[in-house]
Amino acid sequence: MNLSLSSEQILNWKDLIPTLDLTDLTTQPVSFFDLQCRAKTAIQQFLQNSYRSLLVLKADDQSEYAPLLTQYIESILPAREQVIGANYIIEQADSFSFARISVEPAQSINDNFAATQTVASALYFDENKLFGSLQVHAISKDIQLNKGLIHQVNGGVLILSVAGLLAQFELWPRLKQILTSHRFDWYSTHPFKPLPCDIPSYPIDLKVILLGSRDELAAFSELDEELFALSDYSELESYFSVEEKSQQIQWAQYVNSMAKQAGFPSLSEQGLNRLYQLLVRDSEDRTLINISPLKLKTLLAQATLFRQSETLSAVEFEEIFQQKQMQQSFLRERTYDDIWHEQVYIPTDGEAVGQINGLSVIEYQGTPTSFGEPSRISCIVQYGDGEIIDVDRKSELAGNIHGKGMMIVESCLANILELPSQLPFSASLVFEQSYSEIDGDSASLAAFCALTSALSDLPLPQSIAVTGTIDQLGLVHAVGGVNDKIEGFFAICEKRGLTGEQGVIIPTAVIHQLSLSQEVVTAVKNKQFFIWVVEDVYQACEILFNRDLIEEDKNYTQQNLPISRLIAQRIEQRAEHHSRGLLSFLLGRK
């Protein structure tokens, strides 16, 4: 294979690992809410707006976000200067009179229904904890009133989880009534037993913040269609953009601030960059990384176990990556063993017509791991009525998105080659040795190349694997899991021995997803393994076939004829052969 023809598409090893510009890094503390400009603004406006009493925040790690939100609100709320709440005066019943209860504004913080907190949060609660309770002694019939969370934070902010309200949705109508009427009324908890006596209501000025995941909020809004009409809305974002240098510095300061607050060592510049690279693998986006406190604390705690100096360096975070790879490698190694022992046939050298290695990501239920695995895609072409059979789809082993991708392959090739609507050939495409359901269109570029190879009778190098989705115009678009895919094919090649001709073709659009392992980076640096990026099928065919896909304005020889001309010649030869065979048949009958 002549690599010089495709050198413009080969990625440099430096493009495979993202780095941050931290030259102006300082020790200025940065909090979680310093990275939450949208939610921060929404919370401030909500607290200042006396006409709104409900704020809905989309939040994933609620157990982590609730204390941070509580701390932030406490820091911006003004100090309470007066006592808020009520004082219930209970005159117990005796043998001559019924119990009587009256209420007056609270004068002291020690009054029974005086507010004691400005902010409170509860992710798990019941009716008594939320609204308080009324207890009647079984013998003396004495009445006792117990305040709930809404009484404790009267005049303040109560943070609740949507999950808790979904589990006990009957609590929501009463809470909503309190928020809209700004009064608290006592009700009997038993449908057939009234209150032992009349208990007067009293005003409550309360603001509530609901925390929920997107799925929880969707379910909750289906039960109450007025939810978003009654509330403000924003999101506590688990991901932060680091596209600008100032944002990169801010993120690094946030990580070191969190490490200091949690009692972990600070991170060196190299340690911050390696942590960033691990987070990019998680988000598959160099400009958007996870800032979840839970995620970061977990990584910092693990890195501290391997600490070799006063600060956490790249060495500790690389150790985390290697440990995780080892601990979760059982299924991956068993899968690769099948390939190495040729129980699953995946060639990584030589050439073959109509065969190509696609790349996929394997996920197993019940495990947190995923890994890349090459899949052999084959195509057989014969003169026929224009049908392209997707064997996996026809046997119900492929999903709708996969089927859509294969149909795009057919229409794309017909468009580029300017073939008639009724294609003059039949073909069958199949994922070889695939015994479970597959889906997705990331193999459409590989299928296009296999079909092109079968039509032109040109061999494809088996040392190159391909991933990418295409459209009808031949443009190659982004796919997911590109790091796993590249490392999966590299692992197979490395085990068999790197030849200097192996590599993968990926879409140009996924460069911003790359954060590859050190083993792959080293092999690319030493020119033992290559990664090509392509924007369209024309570039992919030039790399794989060392030929133009369609005819261009230049001179050609028999050795470098464009693929479109070779396909046209084969179709003409097949058509002529078919016509001669039919004529001989008709003459023989006479």
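**Reading strands and helices**

Mentor: Start with β16 and β17, which form a hairpin with 6 residues between them, and glycine 366 in the turn has a positive phi of about 85 degrees. This is a predicted model, where local features need pLDDT of at least 70 and side-chain atom pairs count only at pLDDT 80 or more, while totals for chains, interfaces and linings use all residues. Residues are numbered from 1 along each chain as its sequence is written, and side-chain values use heavy atoms, leaving out hydrogens and water.

Trainee: How many bridges join β16 and β17?
Mentor: Two strands pair if DSSP finds at least two bridges between them, and the strands themselves are DSSP E runs of at least two residues, numbered from the N terminus (helices are H or I runs of at least four). Here β16 (residues 355–363) and β17 pair over 9 bridges, in the antiparallel sense. Glutamate 363 sits opposite serine 370 in β17.

Trainee: Which strand does β17 join through 6 bridges?
Mentor: That's β19 (residues 426–431), and the two run antiparallel. Isoleucine 380 has serine 428 in β19 as its bridge partner.

Trainee: Is β17 mostly covered or mostly open?
Mentor: "Buried" means under 20% relative accessible area, "exposed" over 50%, and "partly exposed" in between, using a 1.4 Å probe and protein chains only. β17 (residues 370–382) is mostly covered, with 10 of its 13 residues buried. For contrast, look at serine 75 in helix α2 (residues 62–76): serine 75 is exposed, at 55% relative accessible area.

Trainee: At what angle do helices α13 and α17 pack?
Mentor: Axes are lines fitted to C-alpha atoms, for helices over the stretch in contact, and angles run from 0 to 180 degrees between N-to-C directions. Helix α13 (residues 330–340) packs against helix α17 (residues 482–496) at about 50 degrees, with axes 11 Å apart. That makes α13 oblique to α17, because angles under 35 degrees count as roughly parallel, over 145 as roughly antiparallel, 65 to 115 as roughly perpendicular and the rest as oblique.

Trainee: Which residues make that contact?
Mentor: Contact means heavy atoms within 4.5 Å. α13 brings Tyr336, Ile339 and Trp340, while α17 brings Gly488, Ala491, Ile492, Lys495 and Arg496.
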